[in-house]
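The following exercises concern side-chain arrangements in a protein model. Each task is followed by a solution in steps.

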Amino acid sequence: MMVTSRGFSRTVLSLGLLGVALTAPPAHGDPLDWGLVPQKWNWCAHLDVDNLKKSSLAVQIIDQIIAQNADLRKLREIPLIDLNPGEDIKSATILGTRFSPEKGIVLLRGRFDQKQLVALVSLSPRYETQTFEGKVLHRWWDEDQNSYMTGTFLSEDRLAFGKDEAALRAIITASTANPTTADPFFVNDPQTFFVFHARGLDELPLPFVSPIVKRSRRLSLAIGQRGDQAFAVLAAEFQSPSTAGDVRDVLAGLAALGRLQNADHPRIYELLQPIRFTTEGNVVRGEWEGSSAALQAVWEKDVVPKFP
């Protein structure tokens, strides 16, 4: 099976997912690098592959998702230009400067053979290069995406690419500017393997946005594992303390409803017990921590059997 410039983008997007189940757990994680987040960012999602591989449950879930997906299974058969995802991909980030997921820029950190990757995308008949702030931008037409893609190597171990060239340029500018510290609102825990952050939610120009989203400002979600305990942390900022209080009540009610509906299913009921929602000013905070073994039992006995 060969990889061409036509399928390059889809293939690389799947590397982080494939990589998590292929090697033994590493010693250290690879958290979101805020120094690469542009000044006018709207959203970002970060997968710490190193930390994810420490969680046997997360690895099992990813393996089962791959087993259910024919395209992802095929990727295991690709001799990917001397790139071993499990060994070489350390983290994957997708971020955007506007709320349009297809315009997100993908950042991968790992070991790459730059010459071979450039040779791959240069197979496109509409391939060209230009320079911006000392970085070479590679631009090619991707038939799968039906769009031009632009990519660059931010460093020896960082690759960035996507449809939004303006956002890519903003990332390059951020990477060469003075380092900035993360806003403490956004959850930062060294044991997380997945985080999602967003801001400016109340400015979304969409007619179907829910009342809750219209009154939101910022959102931060982190999922991870400490030893044998899995955890999730949510922080959401709203326009007023009264809105925050109402949202807390809604979320607490949904958790209570979930427990009520699963009163006869002790595995799920016990898993929902530790969920707590609190408010401080106009910020709602949600926290859950539970046994990873209990979570794994629910996944294997209550979730997996429902798969087609």
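**Exercise 1: A nonpolar surface patch**

Leu254 is exposed in this predicted model, its relative accessible area being 52%. Identify the helix that holds Leu254 and the surface patch to which Leu254 contributes.

*Solution.*
1. The class of Leu254 follows from the cut-off, because exposed means over 50% relative accessible area and the value for Leu254 is 52%.
2. Leu254 is located in helix H10.
3. Together with Ile212, Val250, Leu257 and Leu260, Leu254 makes a nonpolar surface patch of about 460 Å².
4. Helix H10, spanning residues 241–261, gives the most to this patch, with four residues.

**Exercise 2: Aromatic pairs around Trp34**

Determine how many aromatic pairs the whole structure contains, and classify the pair of Trp34 and Trp41.

*Solution.*
1. Five aromatic pairs are found in the whole structure.
2. The ring centres of Trp34 and Trp41 are 5.7 Å apart, with planes at 65 degrees, so this pair is edge-to-face.
3. Both Trp34 and Trp41 are buried.
4. For Trp34 and Phe186, the centres are 5.7 Å apart and the planes at 40 degrees, so that pair is tilted.
5. Trp34 is in the loop between helix H2 (15–19) and strand E1 (43–48), and Phe186 in the loop between helix H8 (165–176) and strand E8 (192–199); the pair therefore ties together parts that are 152 residues apart in sequence.
6. Phe186 is buried, as is Trp34.
7. One aromatic cluster is formed by Trp34, Trp41, Phe185 and Phe186.

**Exercise 3: Charges over rings**

Over which rings do Arg126 and Arg226 lie?

*Solution.*
1. Arg126 lies over the face of Trp141, 4.3 Å from the ring centre.
2. Arg226 has its charged end over the ring of Phe231, at 3.8 Å from the centre.

Definitions and conventions. Residues are numbered from 1 along each chain as its sequence is written. This is a predicted model: local features need pLDDT of at least 70, side-chain atom pairs count only at pLDDT 80 or more; totals for chains, interfaces and linings use all residues. Side-chain values use heavy atoms; hydrogens and water are left out. Patches are made of residues with over 30% relative accessible area and no salt bridge: like charges are joined within 9 Å, nonpolar side chains (Val, Leu, Ile, Met, Phe, Trp, Tyr) within 5 Å. Accessible areas come from the Shrake-Rupley method with a 1.4 Å probe; for residues, only the protein chains shown count as cover. A salt bridge is a side-chain nitrogen of Lys or Arg within 4 Å of a carboxyl oxygen of Asp or Glu. Helices (H or I, at least four residues) and strands (E, at least two) are DSSP runs, numbered from the N terminus. Buried means under 20% relative accessible area, exposed over 50%, partly exposed in between (1.4 Å probe, protein chains only). Rings of Phe, Tyr and Trp (its six-membered ring) pair if their centres lie within 6.5 Å; planes under 30 degrees apart count as stacked, over 60 as edge-to-face and the rest as tilted. A charge sits over a ring if NZ of Lys or CZ of Arg is within 6 Å of the ring centre and within 35 degrees of the ring normal.
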